[in-house]
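Please look over the sequence and the 3D structure shown below before reading on. The briefing that follows takes up a few of its residues and helices, grouped by topic.

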Amino acid sequence: MQNYSMSRRRFLTVAGSTVILAGLGGLVGCSSNSNSGSGDNAAATTETKALAGSITAVGSTALQPLVEAAAEKFQAENPGVTITVQGGGSGQGITQIVQGAVQIGNSDVFAEEKLDNKSDAEKLTDNKVCVVGMGPVVNSEVSIDDIKMDDLKRIFTGEITNWKEVGGQDLEITVINRASGSGTRAVFEKAVLNGTKVPDSFKPQEQDSSGTVAKMVKDTPGAISYLAFSYYDSSIKALSVDGVKPETSTVEANDWKIWAYEHMYTAKDADEATQAFIDFMMSDEVQGSLVSENGYISVSGMKVSRDADGNVTKL
């Protein structure tokens with residue numbers, strides 16, 4: 001694995017949990033210049049208003065660690081801004097930004113994939129802040145390190161139920177899914193199931209956040225699920241698929257098929273503070289270091305692009 005367990009701050013928050021980065025002030029102090037002359041020179045005072053406002057960002061838990069880390073830095077530079085970061089899944093993020101209930105909707109998928117009324121996407125600005133690789137993770141005691149894509153599909157449709165069927169030990173497989181509104185789940189199923197319908201009789205447990213999934217996989221013998229690379233660490237095992245390792249370089253070349261853009265959707269007429277935060281997300285300070293430090297991939301490094309229909313184009 002590459003640098004996915006580096007010294008970033010882990011935020012393993014359950015869905016709907018909130019991180020509030022409170023503002024410390026609203027105005028930059030005044031500065032004054034006084035020059036004494038013949039008595040008719042008055043003091044000149046210049047007053048500068050600092051950036052101020054309140055931002056709520058809701059949605060993807062796969063993107064949540066990066067948004068939280070960036071928000072903390074942004075707050076330090078703009079103490080008049082209060083940022084609240086919540087999970088809840090990509091579907092919730094897109095729904096709430098379309099409704100105007102929040103300033104930012106975080107999503108692992110294009111808005112068109114979640115909206116019943118596709119034209120609602122025209123009300124939004126799509127800010128692709130990075131790329132996220134995703135892949136299968138298992139309990140550290142599972143003996144295999146690589147799995148065929150077809151076998152992965154058969155596990156997540158309930159056809160394969162024991163690790164011995166794919167070259168592992170005699171151990172029952174416990175499948176852990178994300179909830180239906182999860183963008184991570186949508187990305188994983190699109191790449192792995194490729195349209196195969198899951199039988200109604202197969203009902204694995206579901207969890208609302210990536211953080212909870214990581215903990216469940218770590219604590220459950222025989223468990224398998226899927227996570228963004230940003231949640232990979234030494235407490236769980238990330239599997240290769242068809243001999244391809246889950247790494248930045250394999251995602252950039254599209255050799256690793258399970259990846260997505262991370263979107264931070266805003267209204268077309270985003271307020272000043274929100275737009276400033278989005279601009280910060282796209283700045284060198286975030287793109288040049290914070291993205292990779294937290295296990296994500298810069299869009300600028302991609303050798304391919306992908307549209308909302310899943311079509312891949314070489315760059």
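A residue is called buried when its relative accessible area is under 20%, exposed when it is over 50%, and partly exposed in between, using a 1.4 Å probe and protein chains only. This is a predicted model, in which local features need pLDDT of at least 70 and side-chain atom pairs count only at pLDDT 80 or more, while totals for chains, interfaces and linings use all residues. Residues are numbered from 1 along each chain as its sequence is written, and side-chain values use heavy atoms, with hydrogens and water left out.

**Thr61**

- Thr61 counts as buried because its relative accessibility is 2%.
- Thr61 sits in the loop between strand 4 (53-59) and helix 1 (64-77), where helices (H or I, at least four residues) and strands (E, at least two) are DSSP runs numbered from the N terminus.
- The side chains of Thr61 and Ser210 are joined by a polar contact of 3.0 Å, that is, a pair of N or O atoms within 3.5 Å of which, within protein, one must be able to donate a hydrogen and the other to accept it, and residues adjacent in sequence count only if both atoms are side-chain atoms.
- Apart from neighbours within four places in sequence, Thr61 is in contact (heavy atoms within 4.5 Å) with residues including Arg178, Asp208 and Tyr231.

**Helix 1 and helix 7**

- The axes of helix 1 and helix 7 (residues 272-281) come within 10 Å and cross at roughly 115°, where axes are lines fitted to C-alpha atoms, for helices over the stretch in contact, and angles run from 0 to 180 degrees between N-to-C directions.
- That angle makes helix 1 roughly perpendicular to helix 7, since angles under 35 degrees count as roughly parallel, over 145 as roughly antiparallel, 65 to 115 as roughly perpendicular and the rest as oblique.
- Among the residues that make this contact are Val67 and Phe74 of helix 1 and Phe277 and Met281 of helix 7.

**Two asparagines with positive phi**

- Most residues other than glycine have a negative phi.
- Asn194, however, has a positive phi near 50°, and it lies in the loop between helix 4 (183-192) and strand 10 (205-207).
- Asn254 also has a positive phi, near 65°, and it lies in the loop between helix 6 (248-252) and strand 14 (259-267).
- Asn194 is exposed, because its relative accessible area is 63%, whereas Asn254 is buried, with a relative accessible area of 12%.
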